[in-house]
Amino acid sequence: MLILAIPMILQNTLSVSVGFADNIMVGTLGERAVAGVMVANQIQNILIMLVVGISASLVLLAAQYWGKNDTESVKAVVAIGIKIALLIGAVITLVVLAAPEMVLGIFTDDPNVIAEGVLYIRIIALSYIFFCLTNSLMAAMRCVEVVKIAVVISLTTLIICVALNWLLIFGNLGFPALGVRGAAISTLIARIVEAVIMVVYVRFIDKRLKIRFLELIKTNKQLLSDFFRYGLPVMLGDVLWGIAGTAQIAIIGRLGESAMAANSVAMVMFQVTTVVVWGVSGASAVIIGKTVGSGDYNQVKIYARKMQITFLCVGLATSALILLMRDPFISLYYFSEETQLIAWQFMTIIGISIIGTAYHAPCFVGIIRAGGDTKFVLIVDAICAWLIVLPSAFLAAFVFNMPPWFVFLCLRSDQFFKWIIALIKTNRFKWIMNLTRDNA
């Protein structure tokens, strides 16, 4: 698991560092700029959830076929995933470019924040297709246990973004000072470069799948049916969770600029400190899927038990890190005392709730869903998000007029009890299902 997890952790760290660098540099432009970019990035967050769902569906099926040594079926599943991701990326790009003000108006009613966000999103929307292509190809490599290329991609993106941000946001070395537009241009260029690197690697360097682009054009109808049959609950679950996350931002976005800026800072801290959680989760999914595909179900149970101990240790360590880093992290931003206080409160809630997140999220995604039971996670997430989290936060914000920290606590409330569900479900082992076909 460490052989797979460490490169994934490094890749996640570098990927999050790109957002962190953007956030810090844009943060010097003031709270309105931070809020505008945060609102604009909600569209990318939706796209990320869609692509994550597609990639998870791809890995779910392809890893089991990889464990079965059926390389041709792996290629067929990869081709399906890439085409779906590119289609979704193209549709979202067209919608955003056609009506950016209307799209951003979903998340906030502040005209100044919307105006700032439009400057950013008109440019960043052009990167969506490149993002979809890169992440689909990285998922293809991940399912056959090739993960180091993702580190190279993320490191390249980080270097390009930081360098170009320094030049284009602030106007250094004679470049124009473009503010938030400079940050968007930097990210767009980085996305194009990483897509080119990934395509070259898959076509000319990879020796496991040896994908040829003509193979991506073909569609195996039988596997396409399986992709939607088993992958649709995965994609739908991530989409619903992504929409729920967007609704959460819409609630926070109506609590004022201070709450929006504080939430942006808290979420960056959350992303930076949970890279180990997602790295371990991704590695677990590949291992569990491959082992289920091989038919060694006793080994699957042994792996699942040991993984749960790892998840708990990661959660405790992450919690301690967040609580220790609150003050120095907030001091990096040029915020008012009110915004700093709200950010501190948000981070405290995240620091406590992350223990549950670090256990249940890898159990759901890296064990239960990867093992073949794709519907259970969808049902749990849908009930928690739409019947508990969002209604309680809405009432707290707009009916009882509670302070921002209480609203944020409502938005994180499910993280305090979902670990119990994960514990029971994981250790019953009824999630082990071989999804492969003999004649695929």
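The structure holds six aromatic pairs, where rings of Phe, Tyr and Trp (its six-membered ring) pair if their centres lie within 6.5 Å, with planes under 30 degrees apart counted as stacked, over 60 as edge-to-face and the rest as tilted. Select Trp-405 and Phe-406, whose ring centres are 5.7 Å apart and whose planes stand at 80 degrees, so this pair is edge-to-face. Trp-405 is partly exposed at 35% relative accessible area, and Phe-406 is also partly exposed, at 27% (buried means under 20%, exposed over 50%, partly exposed in between, with a 1.4 Å probe and protein chains only).

This is a predicted model, in which local features need pLDDT of at least 70 and side-chain atom pairs count only at pLDDT 80 or more, while totals for chains, interfaces and linings use all residues. Residues are numbered from 1 along each chain as its sequence is written, and side-chain values use heavy atoms, with hydrogens and water left out.

Next, select Phe-429 and Trp-431, a tilted aromatic pair with 6.0 Å from centre to centre and 45 degrees between the planes. Phe-429 is buried, with a relative accessible area of 14%, and Trp-431 is buried at 0%.

Move on to Lys-425, whose charged end sits over the ring of Phe-376, 4.6 Å from its centre (the criterion is NZ of Lys or CZ of Arg within 6 Å of the ring centre and within 35 degrees of the ring normal).

Cys-384 is buried at 4% relative accessibility, Cys-410 is buried at 10%, and a search of the whole structure finds zero disulfides.

Methods: Disulfide = S-S within 2.5 Å.
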